[in-house]
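Try each task before you read its solution.

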Amino acid sequence: MSDRLDRSVLTKIIPVAVAVAVAVTVAAAVAITGAATATTTTGKEHLSLINTQTNGSTPLHYSAIATGAFTAGGTAIIDSKAGTGTLRFQGGTIALKIKTGTTKSTGHPGCLLIETAPATYTIAGGTGIYKGITGSGKSKGTATFVGATVKGKCSNNTPADAIQIITRASGPVSLP
């Protein structure tokens, strides 16, 4: 083991970072529809998703905040392997189809690893007040990992000490 994270660890972590990017995008779309009224509402929404799971399990669960055309807060569940996501806000849910881009990883001294992952999303449907919602957009997720150390060396066989995934997304939405 070296004092840097091994590339084999990246292959286990990259799907998590990609999932975060997707989740952010989905949350943004859902938040826009949160303030929907009886008339058609359109606009650009900005979404911020944050995940701090340290166990590496998927799908990932996020706190989601949307601002812009609408303001809403809730949660998002993103499954990067399946290419899907669900935003949950008061009044309904929004389903997403997610396509992840190429993840870039940068190792740093010690056991620090930073990954960025772009993604695109399409709104696949909604329930409750989000029924009939349409839209699409782009997101970028940034995952920062502090790897565990064993006997002073980075361990590839031990869950990370800390993981923070922040995803920012934006795109136009329309809600009848």
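This is a predicted model: local features need pLDDT of at least 70, side-chain atom pairs count only at pLDDT 80 or more; totals for chains, interfaces and linings use all residues.

**Exercise 1. Pairing around S7**

Task: Find which strands pair with S7, and in which sense.

Solution: 
- Start with strand S5, residues 92-100. S5 pairs with S7 (residues 112-126) over seven bridges, in the antiparallel sense. Within this pairing, Leu 96 has Ile 123 of S7 as its bridge partner.
- Go on to strand S6, residues 104-108. Five bridges link S6 to S7, again antiparallel. Here Lys 104 stands opposite Thr 116.
- Finish with strand S8, residues 134-146. S7 and S8 run antiparallel and are joined by 11 bridges.

**Exercise 2. The hairpin**

Task: How many residues lie between S6 and S7, and what is the phi of Gly 110?

Solution: 
- Trace the chain from S6 to S7. Three residues lie between the two strands, which form a hairpin.
- Look at the turn. Gly 110 sits there with a positive phi of about 75°.

**Exercise 3. Ala 72**

Task: Is Ala 72 buried or exposed? Then give its C-alpha distance to Gln 90.

Solution: 
- Locate the residue. Ala 72 belongs to strand S3, residues 72-79.
- Take its relative accessible area, which is 14%. The cut-off for buried is under 20%. Therefore Ala 72 counts as buried.
- Now compare sequence and space. Ala 72 and Gln 90 are 18 residues apart in sequence, and their C-alpha atoms are 8.2 Å apart.

Definitions and conventions. Residues are numbered from 1 along each chain as its sequence is written. Side-chain values use heavy atoms; hydrogens and water are left out. Two strands pair if DSSP finds at least two bridges between them. Helices (H or I, at least four residues) and strands (E, at least two) are DSSP runs, numbered from the N terminus. Buried means under 20% relative accessible area, exposed over 50%, partly exposed in between (1.4 Å probe, protein chains only).
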